[in-house]
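Here are my notes on this one, as numbered points. Have the viewer open while you read.

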Amino acid sequence: MRLRNIPRAESVLEACKEVVKDPESLRGDWNQTFKKEQPLHIEIGMGKGQFLLTLAAKNPQINYIGIERYSSVLLRAVEKFQELEAEGKAPANIRFICMDANDLPTVFAPAEVSRIYLNFSDPWPKARHARRRLTSNEFFKLYDQVLTADGTVEFKTDNRPLFDFSVEELETSELFVLDQLSYDLHNDSTMNQGNIMTEYEAKFSSMGNPICKLIAKRR
Ligand code: SAM
């Protein structure tokens, strides 16, 4: 994603009460920031937010947190939320955090999260950067520290080398195992049910790229 420094980003995020400013202080107590005590699903690398905002509106029985490490990108998601708010259509069950996924265990307590979404994660194509991929076993160790016993990780991408890497990581993982997989999600009548497209998914599928999806569960 091309990044631009957007001067207003910090002030817009600061003023938005749905952006959690001190997420470590809510560790183990996330339900208190939502109106209802219910399962918590997070998306890491939410980008411009279309996926999670749509999901949150469709599923009021789930609490959602969108995580994005760049304020200039999170700004886009927050502005979308504010447009919905102006129309009286903003979901009450969504919060945003500007943070790096490496810090997940300092923000969420063990078993506090029941689903993690990873959509079109950065591929980090160089082998020496493999540990930075969000589906590397280094990251699965972090997910293990915050997910419930029946928690899942759902990953979509059109990047076949990254997808193959992710499947191979799961084959050697002591913590997670592959539960479901599709190499052509949009033509998979089972896995595509209820699919919500992300910005990247809409762009790459319109170019004819098949979308891969996997769901990993704990061993
Ligand atoms: N999920 C969106 C979609 O499918 O349209 C955006 C995909 S974009 C390629 C990946 C996003 O993940 C970027 O916005 C990037 O800043 C974010 N990201 C990458 N690594 C991250 C990390 N370690 N922690 C938090 N966000 C991260």
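1. Residues are numbered from 1 along each chain as its sequence is written. Bear in mind that this is a predicted model, where local features need pLDDT of at least 70, side-chain atom pairs count only at pLDDT 80 or more, and totals for chains, interfaces and linings use all residues.

2. Now the overall fold. The protein chain has seven helices and seven strands (helices are DSSP runs of type H or I with at least four residues, strands are E runs of at least two, and both are numbered from the N terminus). Starting at the N terminus, the elements go α-β-α-β-α-β-α-β-α-β-α-β-α-β.

3. On size, a compact globule of 219 residues would have a radius of gyration near 17 Å, and the protein chain agrees, with 17 Å (taken over C-alpha atoms; the globule rule is 2.2 Å times the number of residues to the power 0.38). Along the principal axes, its C-alpha atoms fill a box of roughly 45 × 40 × 35 Å.

4. Of the 219 residues, 37% are buried (20 or more other C-beta atoms within 10 Å of the residue's own; 12 or fewer is exposed, in between is partly exposed, and C-beta atoms are placed from the backbone). Take contacts between residues at least 6 apart in sequence: 77% of them join residues at least 24 apart (a contact means C-beta atoms, placed from the backbone, within 7 Å).

5. Back to individual residues. Glu43 sits in strand E1 (residues 40-44) and is buried because it has 24 C-beta neighbours inside 10 Å. Beyond its neighbours within four places in sequence, Glu43 touches Phe51, Leu52, Gly66, Ile67, Tyr117 and Asn119.

6. Is Glu201 buried or exposed? Glu201 is buried, since 23 C-beta neighbours lie inside 10 Å. Glu201 belongs to helix H7, and its contacts, leaving aside neighbours within four places in sequence, are Asn119, Phe120, Lys156 and Ile211.

7. Then there is the loop between strand E4 (113-119) and helix H5 (137-146), where Asp122 lies. Asp122 counts as partly exposed because 13 other C-beta atoms are within 10 Å. Lys126 is in the loop between E4 and H5 as well, and is exposed, with 8 other C-beta atoms within 10 Å.

8. Last, the ligand. There are 20 residues around it, and Gly45, Gly47, Phe120, Thr198 and Tyr200 come nearest (a residue is near if its C-beta atom, placed from the backbone, lies within 6 Å of the molecule). Strand E2 (63-68) and helix H7 (199-206) each supply at least two residues of this shell, and H7 gives the most, with three.

9. What is the make-up of the shell around the ligand? The shell divides into nine nonpolar, five polar and six charged residues (Ala, Val, Leu, Ile, Met, Phe, Trp, Tyr, Cys and Pro count as nonpolar, Asp, Glu, Lys and Arg as charged, and the others, Gly among them, as polar).

Conventions: Contact = placed C-beta atoms within 7 Å.
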